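Dear colleague,

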Amino acid sequence: MSTPQSTVRRLAPIPEGELATFTFDGSRLHGRTGEPVAVALLAAGVRVFRTMPESGEPRGGFCFSGRCADCLMIVDGVSGVRACMTPLREGIVVETQHGHGRPIPGDLE
Ligand code: FES
C-alpha cells in the first residue's frame with residue numbers, strides 16, 4: 001500500500017530575500033513574504049485551519065477568496081482572521097482556531 005502524497009506543492013523555490021519564518025501552533029514554518037497565510041500553510045502540509053464550534057469538524061479552507069469562513073484562524077492572538085486573505089510576514093504567529101476562538105479582551109460575553 002502506498003503512502004498518500006501531498007497534492008499541494010510549490011512550483012518554484014522561494015526566492016532568496018522573500019523567505020518569511022512564522023509560527024504555526026508552536027512550530028516554526030517558512031513561506032514567502034506576502035503570500036496568503038493559507039497558501040504558506042498548505043505548502044507546509046497543514047490541512048486543518050479551524051474546527052467547527054458545535055461539531056468540532058475540521059475545516060481547511062474552501063473558497064480561498066474571502067467569501068466563506070472555512071479558513072478562520074487565530075493570527076497574532078486575534079480570532080476570526082481569514083488566512084486566505086492575510087499576507088504572510090516575518091514573525092507572524094498563526095494558530096488553529098477551535099470553535100469561536102478566543103474572546104476579545106474586555107469583550108462582554
Ligand atoms: S477559504 Fe473562504 S474565506 Fe478563506
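In what follows, a helix is a DSSP run of H or I at least four residues long, and helices are numbered from the N terminus. Please bear in mind that this is a predicted model.

By that definition, Ala38 lies in helix H1, which covers residues 37-43. The protein has one helix and eight strands. Read from the N terminus, the order of the elements is β-β-α-β-β-β-β-β-β.

As to overall dimensions, the C-alpha atoms fill a box of roughly 45 × 40 × 25 Å along the principal axes. The radius of gyration is 15 Å; a compact globule of 109 residues would have a value near 13 Å, so the two agree. Of the 109 residues, 22% are buried.

Ala38 deserves a separate paragraph. Is this residue buried or exposed? Ala38 has 23 other C-beta atoms within 10 Å, and a residue counts as buried when 20 or more lie within that distance; Ala38 is therefore buried. Leaving aside residues up to four places away in sequence, Ala38 touches Phe49, Gly61, Phe64, Cys71, Ala83 and Cys84.

With kind regards

Note on methods
Residues are numbered from 1 along each chain as its sequence is written. This is a predicted model: local features need pLDDT of at least 70, side-chain atom pairs count only at pLDDT 80 or more; totals for chains, interfaces and linings use all residues. Helices (H or I, at least four residues) and strands (E, at least two) are DSSP runs, numbered from the N terminus. The radius of gyration is taken over C-alpha atoms; the globule rule is 2.2 Å times the number of residues to the power 0.38. A residue is buried if 20 or more other C-beta atoms lie within 10 Å of its own, exposed if 12 or fewer, and partly exposed in between; C-beta atoms are placed from the backbone. Two residues are in contact if their C-beta atoms, placed from the backbone, lie within 7 Å.
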